[in-house]
Structures are given as C-alpha cells and as structure tokens.
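Me: Please take me through this protein model by way of questions, with the cut-offs behind each term stated as they come up.

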Amino acid sequence: MSDPSGGILLVEDDRVDVMTVQRALKRRAISIPLHVARTATEALALLRGEDQVRLPSRPELILLDLNLPRMSGIEFLKALRADPALRDLRVIVLTSSNEPNDRAAAFRYEVEDYIVKPHSFEQFTTAIQTVIDDLFSLTAE
C-alpha cells in the first residue's frame, strides 16, 4: 500500500472543526501530515508557493469547507480548476452546508465527494476514517 506522504490540506476556518479533524486522525492512529489553511486565499498561496510559503509536498487530498471568509469554497474550487498546475488535485468537500445548490456547484468543479459534517464526534471520526481509507486505496493503485 502506498503512503500518501503529501498529506492532507484542510481548508477550514473553524478552530473546533480543525481540532476535530486532528483528534479524529489521532484517535484512529493515522499519521498523515495535516496542513491547515484558515482561508481559501491562504490555501491557494500555500499551493502556489506565494509569499515564500509552500507546502513541503503536493497534498494528496484537499478537505474543503465551503463557508469561508473572503473567498468561498466554491470560488476556491473555481480558481483551483482554472490553474493548470493545480487543477488535478483531489478535493473532498467537508462542510455544514446541506444545500442542494452548494452540492451541485461543488460537483460542477469535479470534487471527489461531498460530506456534510456530522454533529457527533463519533460520526465525524467515522467520516474522516472513510476519507482516509479511500485515500490509501486510491494511492495504492
């Protein structure tokens, strides 16, 4: 099985949700690098290496919240897919929005999956485990 050493870029402005993802990974003993961007513009800068800041390696996966300050998750997806160097990155939306319009817009920009954040920590942990299991199975191919 391949190791997704590029890690995950979590684009999330809510500190509690960031901690929940970190706790879910720790609880499942998953030692994949997790990089956090608090805004979509920060995530794009990290991916593009702007402002002398760059991720150590290309992420295997982006977990994206849609409700972000300044630039929404949908705007981020539009910019990501328009950038030839970034357009093939795998993205899973992890958001509190269950709006059909948000879901449809996300899939227009070719996201891998759309997960509505579960309310309980146990369900959230299970959702993160499913994402990680899928990540490992895809990188092993």
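Reply: Glu-110 sits in the loop that runs between helix H4 (100–108) and strand E5 (113–116), where helices (H or I, at least four residues) and strands (E, at least two) are DSSP runs numbered from the N terminus. The model is a predicted one, in which local features need pLDDT of at least 70 and side-chain atom pairs count only at pLDDT 80 or more, while totals for chains, interfaces and linings use all residues. Residues are numbered from 1 along each chain as its sequence is written, and side-chain values use heavy atoms, with hydrogens and water left out.

Me: Is Glu-110 buried or exposed?
Reply: The terms rest on relative accessible area with a 1.4 Å probe and protein chains only: buried means under 20%, exposed over 50%, and partly exposed in between. Glu-110 has a relative accessibility of 58%, and therefore counts as exposed.

Me: What is the phi of Glu-110?
Reply: Most residues other than glycine have a negative phi. Glu-110, which is not a glycine, has a positive value instead, near 55°.

Me: In what order do helices and strands follow along the protein chain?
Reply: The protein chain has five helices and five strands. Read along the sequence, they give the pattern β-α-β-α-β-α-β-α-β-α.

Me: What covers the buried residues of H2?
Reply: The buried residues in this helix are Ala-40, Ala-43, Leu-44, Ala-45, Leu-46 and Leu-47. Contact here means heavy atoms within 4.5 Å, and the cover includes E1, E2, E3 and H3.

Me: Which residues does His-35 contact, leaving aside neighbours within four places in sequence?
Reply: His-35 belongs to strand E2 (residues 34–37), and with a relative accessible area of 18% this residue is buried. Its contacts, with those neighbours left aside, are Gly-6, Ile-8, Leu-9, Leu-10, Leu-55 and Pro-56.

Me: What share of the contacts between residues at least 6 apart in sequence joins residues at least 24 apart?
Reply: Buried residues make up 46% of the 141 residues in the protein chain. Among its contacts between residues at least 6 apart in sequence, the share that joins residues at least 24 apart is 68%.

Me: What is the radius of gyration of the protein chain?
Reply: The radius is taken over C-alpha atoms, and the globule rule is 2.2 Å times the number of residues to the power 0.38. For 141 residues, a compact globule would have a value near 14 Å, so the protein chain agrees with the rule at 14 Å.
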